[in-house]
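Me: I would like to learn how to read a structure, one feature at a time. Can we take it slowly?

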Amino acid sequence: MTNSDLRLIEKAKSYVNELLGQEATGHDYFHAQRVYRQAMRLAKNKDANLTVIGLASLLHDLDDKKISQGTSRALDFLKRHNVLETQEIMDIIDNMSFSSHLVGKKVTSLEGKIVQDADRLDALGAIGIARCFSYSGKKQRPLYLENSNDDTAIAHFYQKLFKLPDLMNTEEARQIALERVEFMKKYLQEFYKEWSE
Ligand code: ADP
Ligand code: NI
């Protein structure tokens with residue numbers, strides 16, 4: 001990345017921090033920061049545009065329907081800074097979410113695949129568990145109702161989270177995802193044990 005690209009990344013970080021600093025569903029500034037760092041790691045040894053990856057990672061949740069209705073905060077930022085790859089970045093953001101996946105949308109670029117993997121990895125592991133409970137609390141959903149196909153936090157593990165390893169685009173992300181799912185299954189064993197004590 002050139003120095004001016006790096007300055008743009010720093011600006012995107014401050015912008016996201018300003019807008020999502022207090023966000024409480026797990027789509028907060030630190031999520032954006034982790035997706036950014038994970039995406040940069042996944043991009044190593046690949047011929048990908050790091051500026052596109054960096055900006056898409058940082059801005060990807062600014063207009064997510066779960067936290068904001070009808071805004072264009074990501075696009076506003078990119079236009080304000082005359083980013084050449086604006087369209088490419090917006091295509092990634094518009095197509096990468098799990099809900100987009102469910103309606104058949106796909107990311108096609110290498111950069112999009114990497115950012116999507118990084119975002120999905122953050123729904124797994126210890127942090128993934130925390131985000132799932134946090135989001136469920138916000139939605140006033142129960143923790144657990146002794147079922148795996150209802151609207152509870154624990155059911156979400158089975159409905160979505162455990163499916164993520166098979167949805168990864170890159171082999172590196174799939175490996176990390178499998179390790180994180182293994183940890184989550186151990187966590188569930190303990191959860192069920194305490195539940196039935
Ligand atoms: P994406 O932005 O990739 O589509 P989501 O916004 O669906 O991902 O999920 C972001 C976080 O919110 C994840 O950690 C996920 O586990 C959690 N989450 C999303 N939907 C639910 C749900 N129905 N119940 C519990 N947690 C959820
Ligand atoms: Ni996200």
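Me: In which helix is the place of Ile-9?

Reply: Helices (H or I, at least four residues) and strands (E, at least two) are DSSP runs, numbered from the N terminus. Ile-9 has its place in helix H1, residues 3-20. Before going on, note that this is a predicted model, in which local features need pLDDT of at least 70, side-chain atom pairs count only at pLDDT 80 or more, and totals for chains, interfaces and linings use all residues. Residues are numbered from 1 along each chain as its sequence is written, chains are lettered from A and ligands numbered from 1 in the order in which they are written, and side-chain values use heavy atoms, with hydrogens and water left out.

Me: Is Ile-9 buried or exposed?

Reply: Buried means under 20% relative accessible area, exposed means over 50%, and partly exposed is in between (1.4 Å probe, protein chains only). Ile-9 counts as buried because its relative accessibility is 1%.

Me: Which residues is Ile-9 in contact with, leaving aside its neighbours within four places in sequence?

Reply: Contact means heavy atoms within 4.5 Å. On that rule Ile-9 is in contact with Met-1, Tyr-36, Thr-51, Gly-54, Leu-55 and Leu-58. Lys-66 is 57 residues from Ile-9 along the chain, and 24 Å separates their C-alpha atoms.

Me: Which residues form a nonpolar patch on the surface?

Reply: Patches are made of residues with over 30% relative accessible area and no salt bridge; like charges are joined within 9 Å, and nonpolar side chains (Val, Leu, Ile, Met, Phe, Trp, Tyr) within 5 Å. Accessible areas come from the Shrake-Rupley method with a 1.4 Å probe, and for residues only the protein chains shown count as cover. Here the nonpolar patch is formed by Met-1, Leu-6 and Leu-50, with about 230 Å² of accessible area together. Leu-50 belongs to helix H3, residues 50-59. Leu-50 counts as partly exposed because its relative accessibility is 31%.

Me: Which residues are the closest to ligand 1?

Reply: A residue is near a molecule or strand if one of its heavy atoms lies within 4 Å of it. There are 16 residues around ligand 1, and the closest are His-27, Lys-66, Phe-98, Arg-141 and Lys-160.

Me: How far from an oxygen atom of ligand 1 is a polar side-chain atom of His-27?

Reply: A polar contact is a pair of N or O atoms within 3.5 Å; within protein, one must be able to donate a hydrogen and the other to accept it, and residues adjacent in sequence count only if both atoms are side-chain atoms. For His-27 the distance is 2.9 Å. For a polar side-chain atom of Arg-131 the distance to an oxygen atom of ligand 1 is 3.4 Å. An N or O atom in the side chain of His-156 is 3.2 Å from an oxygen atom of ligand 1. Ligand 1 taken alone exposes 540 Å², and the protein buries 91% of that.

Me: What does the side chain of Asn-95 reach?

Reply: The side chain of Asn-95 reaches the backbone oxygen of Asp-91 at 2.8 Å. Asn-95 lies in helix H5, residues 86-95, and is buried, with a relative accessible area of 18%. Not counting residues up to four places away in sequence, Asn-95 touches Ser-100, Lys-105, Lys-106, Val-107 and Gln-116. Gln-116 is in helix H7, residues 110-121, and is buried at 5% relative accessibility.

Me: How many salt bridges are there?

Reply: Side chains of opposite charge can pair when their charged atoms come close. A salt bridge is a side-chain nitrogen of Lys or Arg within 4 Å of a carboxyl oxygen of Asp or Glu. The count comes to eight salt bridges by this rule. One of them joins Asp-122 and Arg-34, at 2.7 Å from N to O. Asp-122 is in the loop between H7 and helix H8 (125-138) and Arg-34 is in helix H2 (residues 29-42), so the pair ties together parts that are 88 residues apart in sequence. Asp-122 is buried at 6% relative accessibility, whereas Arg-34 is partly exposed at 26%.

Me: Which residues are linked in a network of salt bridges?

Reply: The network links Arg-34, Asp-122 and Arg-131.
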